Amino acid sequence: MPLFGNTFSPKKTPPRKSASLSNLHSLDRSTREIELGLDYGTPNMTLTGQSLKFENGQWIAESGSSSGDRRETQRLRKRNQQLEEENNLLRLKVDILLDMLSETTAESHLMEKELEDLKSHSRRRK
């Protein structure tokens, strides 16, 4: 045991084996899909008894859903459209009212300035 030497000397790690012993990485994509079964199809899920599938970037209700659900969906879409139109109308009305308020405020400031000018002009005459 050395007096001032390093007592900790880890053993060298053995060299690693090759990364993969499989030749699957050399296969083309279609062969890998056949060999490994990577064709999963479209994603499906069921929420509150309704089946949904993911197609073209959107979740779509499967055709097996009841007609009541379709009617409810149509009713909700129609109501949503009505509310959007009402919202647009109200936004337009708010814009018009803000324009009217701005115009009235500007006219009021002009009248106040004219009144002050007339007052100062009449004071000078006296």
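This section describes the sheet, the salt bridges and a nonpolar surface patch of a predicted model.

Three strands are arranged as an open sheet in the order β1-β2-β3, and their pairing is antiparallel. The edges of this sheet are formed by β1 (44-47) and β3 (58-61), each of which pairs on one side only. From one strand to the next, the twist averages 35 degrees. In general, the strands of a sheet pair through backbone hydrogen bonds, in either a parallel or an antiparallel manner. In the present sheet, strand β2 (residues 50-55) is joined to β3 by four bridges, and these two strands run antiparallel. Phe54 stands opposite Trp59, a residue of β3.

The count of salt bridges comes to two. One of them links the side chains of Glu55 and Lys53, with an N to O distance of 3.2 Å. Strand β2 spans residues 50-55, so that both partners of this salt bridge fall within that range. Glu55 is partly exposed, having a relative accessible area of 29%.

Glu72 is partly exposed, with a relative accessible area of 36%. For Arg75, the relative accessibility is 46%, and this residue therefore counts as partly exposed, since the exposed class begins over 50%.

Helix α2 comprises residues 67-125 and includes Leu89. Leu89 contributes to a nonpolar surface patch together with Leu92, Ile96, Leu97 and Met100. The area of this patch is about 490 Å². With a relative accessible area of 44%, Leu89 is partly exposed.

In summary, the model contains an open antiparallel sheet with the strand order β1-β2-β3, and two salt bridges are counted. The nonpolar surface patch includes Leu89, which is located in helix α2.

Note on methods
Residues numbered from 1 in each chain as written. Predicted model: local features only at pLDDT ≥ 70, side-chain atom pairs only at ≥ 80, totals over all residues. Heavy atoms only, no water. Patch = residues over 30% accessible without salt bridge, like charges linked within 9 Å, V, L, I, M, F, W, Y side chains within 5 Å. Areas by Shrake-Rupley, 256 points an atom, 1.4 Å probe, with all protein chains shown as cover. Salt bridge = Lys/Arg side-chain N within 4 Å of Asp/Glu carboxyl O. Buried < 20%, exposed > 50% of the residue type's maximum accessible area, 1.4 Å probe, protein only. Pairing = 2+ DSSP bridges. Axes fitted to C-alpha atoms, helices over the stretch in contact; angles between N-to-C directions.
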